[in-house]
Amino acid sequence: MRIGMILGLLFAATSSVAQDWKGQSGDRPFDMGELSAQLSGQTLVFFDDGRSVFESNGQYQYIYGGGGTWYGHWEVAEDSVVCVTFVTGVERCDRIVENGGRLVMQTANGMRFPVRDIEAHS
């Protein structure tokens with residue numbers, strides 16, 4: 001039950017592109033070109049072993065650390081925001097910034113998830 005609530009919160013539909021993101025000291029946002037280059041063909045690995053896979057062709061997968069995958073399509077927006085439209089029709093937008101040499105994903109509700117590792121793929 002608790003996992004279901006957490007997943008519901010993480011994948012709730014958002015209209016975050018126009019959001020007033022509350023950054024932290026040291027956050028450095030990317031412009032659209034930088035963010036696209038930073039993500040395209042990369043997998044962001046989070047500390048819970050979850051993986052955001054940003055294929056260079058725009059396809060996206062979120063692979064849970066405990067198993068399971070969400071599929072969708074990603075695109076960048078202004079203000080260092082990346083939006084994913086999942087095959088279910090649900091869309092979510094998150095802000096990705098660099099802070100202290102590490103990428104950090106910020107959700108629409110202000111949660112922050114630092115990226116543990118970045119893996120290139122073809």
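Student: Which residue in S7 is the bridge partner of Cys 83?

Tutor: Bear in mind that this is a predicted model. In it, S6 and S7 run antiparallel and are joined by five bridges. Cys 83 lies in strand S6, and in S7 its bridge partner is Cys 93.

Student: How far apart are the sulfur atoms of Cys 83 and Cys 93?

Tutor: A search of the whole structure finds one disulfide, and the pair that forms it is Cys 83 and Cys 93. Because Cys 83 belongs to strand S6 and Cys 93 to strand S7 (residues 91–99), the pair ties together parts that are ten residues apart in sequence. Both cysteines are buried, and the link is right-handed, with 110° about the S-S bond. The distance between the two sulfur atoms is 2.0 Å.

Student: Which residue in the turn between S6 and S7 has a positive phi?

Tutor: S6 and S7 form a hairpin, and four residues lie between the two strands. In that turn, the residue with a positive phi, of about 95°, is Gly 89.

Student: What is the bridge partner of Val 97 in S8?

Tutor: S7 also pairs with S8, through five bridges and in an antiparallel arrangement. These two strands form a hairpin with two residues between them, where Gly 100 in the turn has a positive phi of about 60°. Within this pairing, the partner of Val 97 in S8 is Val 104.

Student: Which residue of S7 is the bridge partner of Arg 28?

Tutor: Strand S1 (residues 28–29) is joined to S7 by two bridges, and the two strands run antiparallel. The partner of Arg 28 in S7 is Glu 98.

Student: Why can S7 be called largely enclosed by the rest of the structure?

Tutor: A residue counts as buried when its relative accessible area is under 20%, and for the protein chain as a whole, buried residues make up 37% of the 122 residues. S7 is described as largely enclosed because, of its nine residues, the number that are buried is seven.

Student: Which element gives the most residues to the largest nonpolar core?

Tutor: This core has 18 residues, and those with the most contacts inside it are Leu 39, Leu 44, Trp 74 and Ile 96. The elements that give two or more residues to this core include helix H2 (32–39), strand S2 (42–46) and strand S5 (69–77). With three residues, the element that gives the most is S6.

Student: With which side chain does the side chain of Ser 52 make a polar contact?

Tutor: Ser 52 is found in strand S3 (residues 51–54) and is buried, with a relative accessible area of 2%. Apart from neighbours within four places in sequence, Ser 52 is in contact with residues including Gln 42, Leu 44 and Tyr 62. The polar contact, at 2.8 Å, is made with the side chain of Tyr 60.

Student: Which residue caps the N-terminal end of H2?

Tutor: Just after H2, Gly 41 takes a positive phi of about 80°. At the N-terminal end of H2, a side-chain oxygen lies 3.1 Å from the backbone nitrogen of Gly 33, and the capping residue that provides this oxygen is Asp 31.

Notes: Residues are numbered from 1 along each chain as its sequence is written. This is a predicted model: local features need pLDDT of at least 70, side-chain atom pairs count only at pLDDT 80 or more; totals for chains, interfaces and linings use all residues. Side-chain values use heavy atoms; hydrogens and water are left out. Buried means under 20% relative accessible area, exposed over 50%, partly exposed in between (1.4 Å probe, protein chains only). A polar contact is a pair of N or O atoms within 3.5 Å; within protein, one must be able to donate a hydrogen and the other to accept it, and residues adjacent in sequence count only if both atoms are side-chain atoms. Contact means heavy atoms within 4.5 Å. A nonpolar core is a set of buried Ala, Val, Leu, Ile, Met, Phe, Trp, Tyr and Cys residues joined through side-chain atoms within 4.5 Å. A disulfide is a pair of cysteine sulfur atoms within 2.5 Å. Two strands pair if DSSP finds at least two bridges between them.
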